[in-house]
Amino acid sequence: MKTCPKCKSEIKISKFGTHTVEAKCNCQKARYFTDSGNDDDARESYIRKLFRNSKPSVQPSTIKTEPVSKSTPQNIPISKIEEYFPTNIVPRDIQKQILKEIETSIKSGFKKIVISAPTGVGKSAVGVAIAKYFKDGFFITKSKSLQDQYTRDYSFLRPVKGKSNFECLKIMEKQKVDDPILAKELGYTCEKGDCVEGTEKNENGKDVTVFCRFKRPLSNVTSTDTQNVDDCSYYFQKYYGLVSSFSVWNYSAFFQLMQNESVFKEHLQKKVSIFDEAHGIEDQIIQFIGINISKNQLDECQIDIGKYDILEIDELLEVLNIMRQFYGTQIAELEKRMEVDKEKVDVKLLGRFESNFKNFANAINEINNDPGNFIIQDSTNDYANSVSVSIKPLRISNYVEDFFKTEYQIFMSATIDKKSFCETMGFDESEIAFIDTPKSPFPYEHRQVEFLDMGILSAKSPPEVESGAIRRIDELLTKHADERGLILTQSKSRCWEILRGLSPENKKRIRICHSTNNDGKTQDDIIDEHRKNRASVLLSSSLWEGVDLKDEDSRFQIIAKVPYKSLGDPRVREKMKKFPLWYDSQTIMTILQGFGRSIRSNDDWAITYVIDSKIHELVNKTQKIIPKAYHDVLGIENVS
Ligand code: SF4
């Protein structure tokens, strides 16, 4: 048995993923090698790499201003894809291994690859290498800030953002506002733009749509163009992204694009889509499927919804049929009027009727095909809600293919597991390659978790358990009196309960922060205030993911309650009954996302406290699907 020449301890070899082994002794950090089937080969490579090479080992994540020579001995690519790694970054061993596994998976014929890799691994550089290897591709992220991060780090990526981010030139012209910043401030954004102006006959006598003069046609945009002053910014950046080889989209814009495949077909022929934060993909897709009936539509169709038991499928179908017929009749009338006097027809109205007709006809078909798959939520008595009835499928598997058109798809997340991901998406597990990073790149001591076991917290908890938990939170705040921190819980109402139970001194430090806030402040506004105030503490039910509280922005985190999804949502309730793994997996992955909010780099550190004893039951139930990188902090050993 070969031992470490320096510390003389055994060099331990363990499996990493499907084609790789990890080698480690007592004095060095782990190194990764292709699995040859013989552990001694890996030990030999380990010794060679660490002790027979006089040059120091490469420090991970060192940003270099000059391109890295691929011929330096410490950086010999171990896969073809690695040759496409961003040239200003030295790839870490872990990134090299992930790329190697991706390459092996591609060679084995996999078209869909799921990568579970914790914060700090450098997933975006991995994604860039994959996209460049394929020569073109789409990047899809969850938020604008992640989109900005991508384009800041990789200037060849073209960002495509939603209409709300751009000033509408047509409204500006009408309102005589010439400053784009002011226009946005006044709300003159492209969301409100009247882009379609009517129809006219072309030279062949065919009706064609007339668009706003600021909208440059897609056919006139090339990847070497620049924007002109009279180009609508929204459409220009969208088309520029489409005609470029690499673009970065948010989920909503990208899925909309996929749904308009026929319009953009020519530009959707890229090889790969790289989905970031892919654990939340179901929530993104569900927004595009099913149907909502608004109160306005019911009024327009003169339907008294109170006369129907809308939760019964037959009665729901009756309502949908009436609505389909109504819009069908309106379309026929407008078209007839158009033949007589085209000018008198409101084309925008016609477009809306056509879209409603299509949506209701599709919904009727889908419900008839699989009536048991639809969950109906009746909000007719919720007067603050503009949606009256919402109809969503329980299983999205019949719809997902519509959203994935490129030949290859790469799904990346710090909190994803193959089994529940495949179950949710309806993917055949045997067709998915799964790469699970074996450990966090950050030291264990920097991201420790303390379980405080203050009892199980639920709606049925005795008052003394609830008050004991809040008292403990108060003690922790006092213990960290001079530091900024984060308290995460599962609902807005629980945030207020916690706040009420704190001492006056600690109460002053709290900033309640949700995705939408009553005082009109955005989440970012509140986080900015937090960063500027000494010992400030964020208390939130929504900051479980998508926020970076690095270094002094947060030195402690308190998980006040296990964040099960609310069973008040009928779809969640039904999914929980039919797919218990889905319910638990969503909850544990949210917690793991929460663990990462305050530890953002190798030198960063924060302590996490878990108040709710329910976590143990949840971890026991889900340990087989918990990514390996979290096993150490959760005390999970030897999961088979
Ligand atoms: S094309 Fe652009 S500028 Fe014209 S109305 Fe639409 S959003 Fe406004």
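Two strands are said to pair if DSSP finds at least two bridges between them. Strands themselves (E, at least two residues) and helices (H or I, at least four) are DSSP runs, numbered from the N terminus. The structure examined here is a predicted model, in which local features need pLDDT of at least 70, side-chain atom pairs count only at pLDDT 80 or more, and totals for chains, interfaces and linings use all residues. Residues are numbered from 1 along each chain as its sequence is written.

Val537 in β19 is the bridge partner of Gly485. This pair belongs to the parallel strands β17 (residues 485–488) and β19 (residues 537–540), which are joined by four bridges. Both strands sit in an open sheet of six strands with parallel pairing, ordered β16-β21-β20-β17-β19-β18. At its edges stand β16 (449–451) and β18 (510–512); each has a single partner strand, so one side of each is left without a neighbour in the sheet. On average, neighbouring strands of this sheet are turned by 20 degrees against each other, direction ignored. Here and below, axes are lines fitted to C-alpha atoms (for helices, over the stretch in contact), and angles between N-to-C directions run from 0 to 180 degrees.

Another open sheet has three strands in the order β11-β13-β12, with antiparallel pairing. Its edges are β11 (291–294) and β12 (374–378), each with a single partner strand, so one side of each lacks a neighbour in the sheet. From one strand to the next, the twist averages 10 degrees. Four bridges connect β11 with strand β13 (residues 387–393) in the antiparallel sense, and Ser294 stands opposite Val387 in β13.

The helices come next. Helix α2 (residues 93–107) and helix α3 (residues 123–134) have axes that come within 10 Å and cross at roughly 40 degrees. Gln95, Ile98, Leu99 and Ile102 of α2 meet Ala125, Val126, Ala129 and Ile130 of α3, contact being counted when C-beta atoms, placed from the backbone, lie within 7 Å. Seven residues of this contact are nonpolar, one is polar and none is charged. In this scheme, Ala, Val, Leu, Ile, Met, Phe, Trp, Tyr, Cys and Pro count as nonpolar, Asp, Glu, Lys and Arg as charged, and the others, Gly among them, as polar.

For helix α20 (residues 580–595) and helix α21 (residues 614–622), the axes come within 10 Å and cross at roughly 115 degrees. The crossing of α20 and α21 is left-handed. Asp584, Ser585, Thr587 and Ile588 of α20 make the contact with Leu618, Val619, Lys621 and Thr622 of α21. By class, three of these residues are nonpolar, three polar and two charged.

Finally, there is the ligand. Of the 13 residues around the ligand, Cys168, Gly193, Cys195, Cys212 and Cys232 come nearest; a residue counts as near if its C-beta atom, placed from the backbone, lies within 6 Å. Helices α5 (169–175) and α7 (233–243) each supply at least two residues of this shell. The shell divides into nine nonpolar, one polar and three charged residues.

Definitions and conventions: Two residues are in contact if their C-beta atoms, placed from the backbone, lie within 7 Å. A crossing is left-handed if the near helix is turned anticlockwise from the far one by less than a right angle, and right-handed if clockwise.
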